[in-house]
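Please open the model in a viewer and keep the selection tool at hand. The tour below moves from one selection to the next and describes what is found at each stop.

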Amino acid sequence: AELADLAEPTRGATGVAGLWDGWSGAALVHVRAYDVTADATWLERADRALRRDLDQCVDAAGGALHVADPDQPGTLPYVGRGSAGIALAAQALAARAPWMSSTEALPALLAACRAEFVAHAGFGQGAAGLLYALLPASSATPPSGAGGTEAVREAIARHVSALDRHVVPLGDGTGVAGHQLLRLSLDLETGNAGVLLALQSARTGDPGLPLPRLRCPTAALTP
């Protein structure tokens, strides 16, 4: 609880949103604090943290919600900085308190994760992270039709297939083209480790990271 207090979102805003660099990481800490203490105040803090990140978002094509890039013109759908990171935290909150206002953005956040083309493979800044963020929504029940779980599953299959184009032979194994495609990368953020994490999670249903339980309500899949 003392560590979670350090991530209290009333301490000021950032111009960056996402799981690594924004308030969504703090929101996950607050959700985990609720799991440990059963104190609903933590869920309220998680909601405030997520709303702080949502304030950095802009509408995009197809009903998606993207994070505005604070460094250059453009938007970000990714985990580290972007919509997918917010979606992961929002799904964790929705599993416990689906009435919180920040969870209303889930359809638009998940739409961002269904991007048709992603230039990079990595978990933090690429297709592997988008794939990972969609996994809780792929098992939402009851089935919600073409605009819900079916669309999510199609996007997951597309991301899995697209990861092949980032694979490069490396010795007896394979490497992954890293950020900006300038070098091979083996790390979680931009390379092999992140791609393997997402693919293994898609195959087994095990998130592979010490995250709070994630579940996407079916109602969140349709705007």
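Begin by selecting Val168 and Gly175: Val168 stands opposite Gly175, which belongs to strand E5. Please note that this is a predicted model, in which local features need pLDDT of at least 70 and side-chain atom pairs count only at pLDDT 80 or more, while totals for chains, interfaces and linings use all residues. Residues are numbered from 1 along each chain as its sequence is written, and side-chain values use heavy atoms, with hydrogens and water left out.

Two strands are said to pair if DSSP finds at least two bridges between them. Helices (H or I, at least four residues) and strands (E, at least two) are DSSP runs, numbered from the N terminus. The open sheet here has three strands in the order E4-E5-E6, with antiparallel pairing. Strand E4 (167-170) and strand E6 (184-185) are at the edges; each has a single partner strand, so one side of each is left without a neighbour in the sheet.

Three bridges pair E1 with E2 in the antiparallel sense; Cys57 has Val67 in E2 as its bridge partner.

Remain with the cysteines for a moment. Cys57 is buried at a relative accessible area of 14%, and Cys113 is buried at 0%. Buried means under 20% relative accessible area, exposed over 50%, and partly exposed in between (1.4 Å probe, protein chains only). The structure holds zero disulfides, a disulfide being a pair of cysteine sulfur atoms within 2.5 Å.

Now display the side chains of Trp20, Phe123 and Tyr132, which form one aromatic cluster. Rings of Phe, Tyr and Trp (its six-membered ring) pair if their centres lie within 6.5 Å; planes under 30 degrees apart count as stacked, over 60 as edge-to-face and the rest as tilted. The structure holds two aromatic pairs. Trp20 and Phe123 have ring centres 6.3 Å apart and planes at 25°, so this pair is stacked. The two residues are 103 residues apart: Trp20 is in the loop between helix H1 (2-5) and helix H2 (24-37), and Phe123 is in the loop between helix H5 (106-113) and helix H6 (127-138). Phe123 also forms an edge-to-face pair with Tyr132, at 5.0 Å centre to centre and 70° between the planes.

Finally, select Leu93. Its contacts (heavy atoms within 4.5 Å), not counting residues up to four places away in sequence, include Val31, Leu43, Leu50 and Met100.
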